[in-house]
Structures are given as structure tokens and as C-alpha cells.
Amino acid sequence: EEGGVAREAGFWRLSKLAVPASEDPGKDFVGVSPPLLQAIAKALKFPVLKEPQFIYTVDVDAKKLLDMEPRTWDFIARLEPKLGAVEYMPDEKVATDLISMLDFHFKGSDDEQGTSYTVNNGSICPPRKKPRVAVVGSGPSGLFASLVLAELGAEVTLLERGQPVEQRGRDIGALAVRRILQSESNFCFGEGGAGTWSDGKLVTRIGRNADGVQAVMKTLVYFGGPPNILVDGRPHLGTDKLVPLLRNFRNHLRELGVAIRFNTRVDDLIVEGGQVKGVVVSDSRLQPCSVDQKLSFDAVVLAVGHSARDTYSMLLRHNVDITPKNFSVGLRIEHPQELINNIQYSELAAEVRRGRGRIPVADYKIVKSIGEGDAKSDTEQVEQNRSCYSFCMCPGGQVVLTSTNSSELCINGMSFSRRASKWANSALVVTVSSHDFKPFQSHGSLAGVEFQREYERRAAIMGGGNFVVPAQCVTDFIGNRLSVTSLPPSSYRLGVNPSKLHELFPPYITEALQQSIIMIDKEMPGFISTEALLHGVETRTSSPLQISRHNDSYESTSLQGLYPIGEGAGYAGGILSAAVDGMYCGFALAKQLSLFTGDI
Ligand code: FAD
């Protein structure tokens, strides 16, 4: 007998299975009722019958309980064995300087002399002459850097090569409907950066309870994001929520005195004696013959994202330290959303109702390690051990074109807040490292960028031009054959062309993708389906390089006065981490400019 399970001649008796009386159909029920089946499965630790569950994390305001009832000490003591140590968090610990600052609580009354504001253990010191800071790029990192610097008293100019969200929306519409790609106003460039026409997933590996992440989330709510992003397990905004939020962000920055210049591309840095003194800008709508303008600044924050390849080349001309870094490339797979709901929820899938039901549309997140060989050297290690993982999964979304010019084709996914489309798409990508960029080493630090370009160009050719995307049924991709029957429908608006995607990447990438898809299907039966369509290519998962900077000051290691931040500089991978990086850079730079004396 083991824990209530008695084995006898091939039979097991399970005794004392408790089923709540309210759920049990009673003695007249013939057969095994669902609650009893659950109890049996639980006793046998049988995984297949695990009931789908909502998982909650609960914050208990222990202080309030303690104030109310002396007996609650006893209540907490009883909770502890069940929940683990119940940590009592005094208010001060939650309300750090950072959060109170970005909650805009710090604007208390100035003291008599008007010298400084007190922020818990730090001070904001209004300077005699405001330092002038340029922030280049209005993605999440640039916006949060601008916000902090402006709140702390700097004279901020935000320079953005693309259009404000209103015009950017029209440009993206023209792309989707009339195939007109504006090189400076598209899915990557423009107000809000790359994440504006996106799924707006607000997840990060930093950990959602980190102070910086909480501060960013609260700021997003302050600017109009739905408050449930503060409590949802996997919060997301969707494009329709992001656009008005960005408008509010812009208005607030303008109220703080930030000069926002759209259609203004930074083409060069003004460097004197190893120190950045300003930038050279041009009107991005008038290229290539626009008139350059020189602007002087005390510091330049570079928040240009991972698609500003021209800006990377410009930095190299100034000998800025740049090193290639690992990133990932692959394809985007799309299934009918219903199929993913069925795989993930089984019977419960009927309750999803395209984002309107109590059950959210299903997503997935997969990481697979391919070929764990016994590597003898670092090089072998890279070749033998690759990760293949799902990336930027968009339930109820659509596949979109993220190219910034017409000869290079790359894609990504976006959704609206309700995630109500018929499709579920996700990138499936494989890690690549500088070892893989060897064929492009003549490009030095930009070898990874050339690696991306090579496969974007191949994808454009395979698609046949006009932004048509090369596509292949997943069953044919695994079988290394061209899809001959008609392809399943796709959410991609500009058309798909049946192609040999298995020949697009080098074999080490194709094989890693094929192996991992087969492994995923074992975990999610039905993932390999004639209804699943692969689209090429996904290349801009994160930056292919890192711009070296000092850990504490965020200043470039090779050029004083330059502050590289966010995804393009290689310090973030997603909306939240980019915003957090921008925010901390704002504080670090404010300290150097003597605007702020607190701890960060
Ligand atoms: P970016 O957002 O790329 O912003 C850089 C800005 O700099 C751009 O606006 C650009 O126009 C401007 N710029 C570039 N060069 C210059 C120059 N020389 N002069 C002036 N301005 C310049 N992440 C998530 O976390 N969740 C998601 O759901 C998600 N979905 C995505 C969907 C799509 C379609 C795309 C493209 C990306 C998605 N991402 C998502 C990734 C996310 O958008 C980025 O990680 C994030 O935006 C990076 O922020 P950033 O501030 O570092 O750079």
C-alpha cells in the first residue's frame, strides 16, 4: 500500500478519494463522474488529466490585516506553511524613489529658496543653466529616457526620423493596401518605435516585479494603458491601445518642454576632442538631397533601434566600439487560432470565443535545445548546441512586413487588443553567433548585419518581389519539398508565394528548425498540420551587435557624451526591457549632469 493505493493481482484500489459534495453527481450516477476522474488522476499523479487552471499571484497587504485584527497574526502564522514565508513588505520598500518619481508624486512644493525637491533619499537639483540633451529615437527606450531627463530638469530635444503616430498609421495603411513602403515611416521607424504596430506584449526576462519594470508599467497606465496590465499574468496592449497611449506620452513630454522633432534623421555626430558636441540632422522626407543642420548638445542619447543600419555605419566612421553579438533567425509559423486553442485547452477551447470569453485565446512558448553533442572547443559548442525557440508569439494576430527597404524582406507579428483574428502566428528562430557570420567578416563589426541582409535579400527574391512573402506548408518544409497543393490561407496581406524555404537558410539553421518542429509536435500534437504555414524570414529578433558602454554611467566606452541605449545598442530585447534601459540611462545621465543626487 502506497499512499492509499493498494495493488492486488493487477488491480489497484484507491481509497479515501474525496470529491466535493457540491460537485459530485451522487449515487445515481452511472460510471465515473468527471470530479471523481480528477480525484483518481490526482491520486495516480496521472499528468494527462490535469485540469486547466488559472494561476494567480496574490499580494496580501499584511499591514492592513495586522492593523485590523490582532488575531490576524495567528492567521498569517497558519498561512505560512501553505504559502511559504509570507513576507511583510513595508510601504516604503514598494514605493522606491524610482516608482514614486515616475508616478509623478515627486512634484511636491518647492522649498522657500527654490533649491531642490526631496525624493526620499535623493534630491532633484534645478540647475542654473539647463543642460541640453538630444535623444535620438522615440521608441520605448528613447521615450523613457526623455521622460526622466525632462522630469529632472534637462532641456531635451527628441529627434525622430519617422512620422508621428497619426501619419505613421496612414503610411502603414498605404503599405498594407497599395504596397507603398515609406523608407522612413513604417513598422520599424516612427513615433513609438518598432513596438507601436505590434502585439504589445509586456513581458520581459528582467522579471515583472523588478522596480524598473513596475515603474514602466505604472507609467504606461498613467498614459492610458489599461490597468489590468499591472495584474495580468501575460499582459499585452495591442496596437489600438498603443497609439492613443503614445499620443498622451507625446503631450506630456511637450508639457514638460521637450522639443519633439519628427521627420528628423540624425545623419552624423559632431565630435571634438573625443567628445560628442552635437548632431547633424536632415529632413528625412527630403532625402537624399536635403540640407543638413547642425545642432549642439551637452549629451546625445542614442536610442535608434535595431534597424538603423545607416546609423551603425555612421558610428563606425567615428570609431565607436561595436562588437557583433548573438541573435536569432528563422521563419514565422501561422496556424488557425482555433487549432492552437484546441491543442492547448482541449474541451475548454469552446469557451474562448475570439477574445470575448472568459478564457483568453491560447498562446504558446517553446524552447528546444538541438544537438547536445560533446563539444571539444567553443567553436564546436556553437555548432553543436543551438537553441530553437518560439519568439514574439501573436495569438489572434497577423503577419506583417517589417522591411525598411524594398530589396530586403523581413516579417514579424502584430495584433489588436482583443486578439480576435482567426490566426495564431509565432516566429520559430535559431540562435546564430559571430562564428556563423564568418562569411561576412570583411564587414567587421557589422558582420551580423550583413548576415541578416543576406537572408532578407534571398527572401525578397524567393517571394518574387512586390513584398510577396515566400511560404511553405510546414509538412513540406519538414519533407524538404516544394508545396505543390495550394497553400493554406495566410493573414499576411501582401500575398505569399509557394517556395523552397528549406533552401533559404544554411543547412544548420534549416535542420535545427526541422528537428525542433518535430519535437514541438510531440509536446503539442497537431502543431505539424497541413493548415500550418511557414513564412520567411524573421531576422530582426534583436540587435546583431552591441555598442560598448560603461555599466554605471551608460556612456559609450569609446566616445564621451554618447549614451547608447535600448535594443539597437544591444541592451534590450522587447518593449519593456528597452523602456527600463532608457529610464535607468535617464537617471544615470541626470546624475552626471548634476540634476539628481539620489541612488538609482
Ligand atoms: P525602437 O523601438 O526600434 O525605436 C527606435 C527609434 O529610433 C525608431 O522610432 C526609429 O525611427 C528611430 N531612429 C532610428 N534611427 C534614427 C536616426 N538616425 N535618427 C532619428 N531617429 C532614428 N516587443 C515586445 O516586447 N512585445 C511585442 O509584442 C513586440 N512585438 C513586435 C512587433 C513588431 C512588428 C516589431 C517590429 C517589434 C516588436 N517588438 C515587440 C520588439 C519591440 O518593438 C522592440 O524591442 C522595441 O521597440 C525596442 O525599443 P527601442 O527603443 O530600443 O528601439
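Biologist: What makes strand β15 and strand β18 count as a pair, and in which sense do they run?

Modeller: Strand β15 (residues 386–394) and strand β18 (residues 423–432) share five bridges and run antiparallel. Two strands pair if DSSP finds at least two bridges between them, so the five bridges here qualify. Strands are DSSP runs of E with at least two residues and helices are runs of H or I with at least four, each numbered from the N terminus. Please bear in mind that this is a predicted model, where local features need pLDDT of at least 70 and side-chain atom pairs count only at pLDDT 80 or more, while totals for chains, interfaces and linings use all residues. Residues are numbered from 1 along each chain as its sequence is written, and side-chain values use heavy atoms, with hydrogens and water left out.

Biologist: Which residues of β18 stand opposite C388 and Y389?

Modeller: C388 faces V430, and Y389 faces V429. Strand β13 (residues 327–336) is also antiparallel to β18, with ten bridges; R332 has A427 as its bridge partner there.

Biologist: Which strands are called edge strands in this sheet, and why?

Modeller: The open sheet has seven strands in the order β14-β15-β18-β13-β21-β19-β20, with mixed pairing. Its edges are β14 (367–370) and β20 (496–498), each of which pairs on one side only. From one strand to the next the twist averages 30 degrees, taken between axes fitted to C-alpha atoms, with angles from 0 to 180 degrees between N-to-C directions.

Biologist: Why is β18 called largely enclosed?

Modeller: Nine of its ten residues are buried, so the rest of the structure largely encloses β18. Buried means under 20% relative accessible area, exposed means over 50%, and partly exposed lies in between (1.4 Å probe, protein chains only).

Biologist: What kind of aromatic pair do Y222 and F223 form, and how do you know?

Modeller: A pair of aromatic rings is described by the distance of the centres and the angle of the planes. Rings of Phe, Tyr and Trp (its six-membered ring) pair if their centres lie within 6.5 Å; planes under 30 degrees apart are stacked, over 60 edge-to-face, and the rest tilted. Y222 and F223 have centres 5.3 Å apart and planes at 80 degrees, so the pair is edge-to-face. Y222 is partly exposed at 47%, whereas F223 is buried at 3%.

Biologist: Why is the F437 and F451 pair called tilted?

Modeller: Their centres are 5.3 Å apart and their planes stand at 55 degrees, so the pair is tilted. F437 sits in the loop between β18 and α13 (447–463) and F451 in helix α13, so the pair ties together parts 14 residues apart in sequence. Both F437 and F451 are buried, and they belong to a cluster linked by ring pairs, together with F327, F440, Y455 and F505.

Biologist: What makes you say that the charged end of R161 sits over the ring of F189?

Modeller: The rule asks for NZ of Lys or CZ of Arg within 6 Å of the ring centre and within 35 degrees of the ring normal. R161 is 4.3 Å from the ring centre of F189. R549 lies over the face of Y571, at 3.5 Å.
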